[in-house]
Amino acid sequence: MAIDSTQHKRPVRSYVIRSGRLTDSQRKAIDEHWHKHVFAFEGKPIDIDSLFVQKAPINLEIGFGMGASLLAMAQQQPEQNFLGIEVHKPGVGKMLHEIEANGLSNVKLICHDAKDIVEFCIAKESLDRILILFPDPWPKKRHHKRRLIQADFAELLATKLRQGGFIHLATDWEPYAKHMMVVLQACPNLKNKNGSNEFWNNPERPPTKFEVRGKTLGNNVSDLLFVKED
Ligand SMILES: C[S@@+](CC[C@H](N)C(=O)[O-])C[C@H]1O[C@@H](n2cnc3c(N)ncnc32)[C@H](O)[C@@H]1O
């Protein structure tokens, strides 16, 4: 039977699954601790509060990579809850190892496309902060459609924030920083905390692995902070 190609259109992904090898400790953490800390995508809403021991503000980090910032934030702010989404298995394995090694109960993970999670699993007005730090810049013009920060996704993210909640973006790719600024400023209900067209000069966040690498190459880092307001 012929397959109707129009019904099997591949979604545009913001990532490519890299065939990075798992270290022994990442593999061990995945084998032993996945079921305790990683939540499966089931295409239906998640009661995020029920994932955590404490009821506390929810911070969502999308694309946490190897987890340097997620781990540091969870350790520095034990009174807050952190949900991390990442598709790269070694990063999830590394974070699982750290969660166990540090006895953290305020950080949980999802290993699935964040676009699906945000669209289908996260309730409106349920998040206090969304962080997307150094998303893949997709510098070639023909790849711009793969960038995570697009008008429709930004608007969707804004619906998931509580009033007064924050969205914090960072990149070391200047054209992407400008694009982020345009997209977020056009987003209804989001206001630039630093004033129109202004970046955040002294961002409050831990460094990330990708950022450190970019800085050694001499790249400038831009942070953006927007607040949800009616
Ligand atoms: C350039 S890396 C930055 C990682 C980390 N934030 C850092 O700064 O070191 C971007 C990360 O986002 C992840 N990513 C991209 N699109 C994603 C998506 N739709 N859902 C989940 N993770 C995604 C990639 O797997 C990758 O690890």
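Mentor: Start with the term: a pocket here is an open set of grid points with protein on both sides within 12 Å along at least five of seven lines. Keep in mind that this is a predicted model.

Trainee: Fine. What volume does the largest pocket have?
Mentor: The volume of the largest pocket is about 760 Å³.

Trainee: How many residues line the largest pocket, and which lie nearest its centre?
Mentor: The lining has 32 residues. Nearest the centre are R18, G63, G65, E86 and D136.

Trainee: Which element gives the most to that lining?
Mentor: Helix 7, which supplies three residues to the lining of the largest pocket. Helix 7 covers 209-216, and it is listed with strand 1 (58-62), helix 2 (68-76) and strand 4 (127-133) as elements that each supply at least two.

Trainee: And by class, what is in the lining of the largest pocket?
Mentor: There are 17 nonpolar residues, eight polar and seven charged.

Trainee: On to the ligand. Where is the space it takes?
Mentor: The ligand takes up the space of the largest pocket.

Trainee: Which residues come nearest to the ligand?
Mentor: S14, G63, E86, L133 and T208, out of 19 residues around the ligand. By class, that shell has eight nonpolar, six polar and five charged residues.

Trainee: What is a nitrogen atom of the ligand 2.8 Å from?
Mentor: An N or O atom in the side chain of S14. For the side chain of D113, an N or O atom is 2.9 Å from a nitrogen atom of the ligand.

Trainee: What about an oxygen atom of the ligand?
Mentor: One is 2.9 Å from a polar backbone atom of F210.

Trainee: How much of the ligand does the protein bury?
Mentor: The protein buries 95% of the 590 Å² that the ligand exposes when taken alone.

Trainee: Different topic. What is the volume of the second largest pocket?
Mentor: About 300 Å³.

Trainee: Which residues line the second largest pocket?
Mentor: Among them are P11, V12 and R13, as well as D113, K115, D116 and E119. The lining also includes K145, Q150, D152, F153 and L156. Helix 4 (114-121) and helix 5 (151-160) are the elements that give two or more residues to this lining.

Trainee: How many of the residues in that lining are charged?
Mentor: Seven are charged, with four nonpolar and one polar in the lining of the second largest pocket.

How values were computed:
Residues numbered from 1 in each chain as written. Predicted model: local features only at pLDDT ≥ 70, side-chain atom pairs only at ≥ 80, totals over all residues. Heavy atoms only, no water. 1 Å grid on protein atoms, 1.4 Å probe; cavity = no way out; pocket = protein on both sides within 12 Å on 5 of 7 lines; lining within 4 Å. Points joined across faces, edges and corners; volume = space filled by probe spheres on them. Helix = DSSP H or I, 4+ residues; strand = E, 2+ residues; numbered from the N terminus. Nonpolar A, V, L, I, M, F, W, Y, C, P; charged D, E, K, R; others polar. Near = heavy atom within 4 Å. Polar contact = N/O pair within 3.5 Å; in protein donor to acceptor, adjacent residues only side chain to side chain. Areas by Shrake-Rupley, 256 points an atom, 1.4 Å probe, with all protein chains shown as cover. Sits in = over half its atoms within 2 Å of the grid points.
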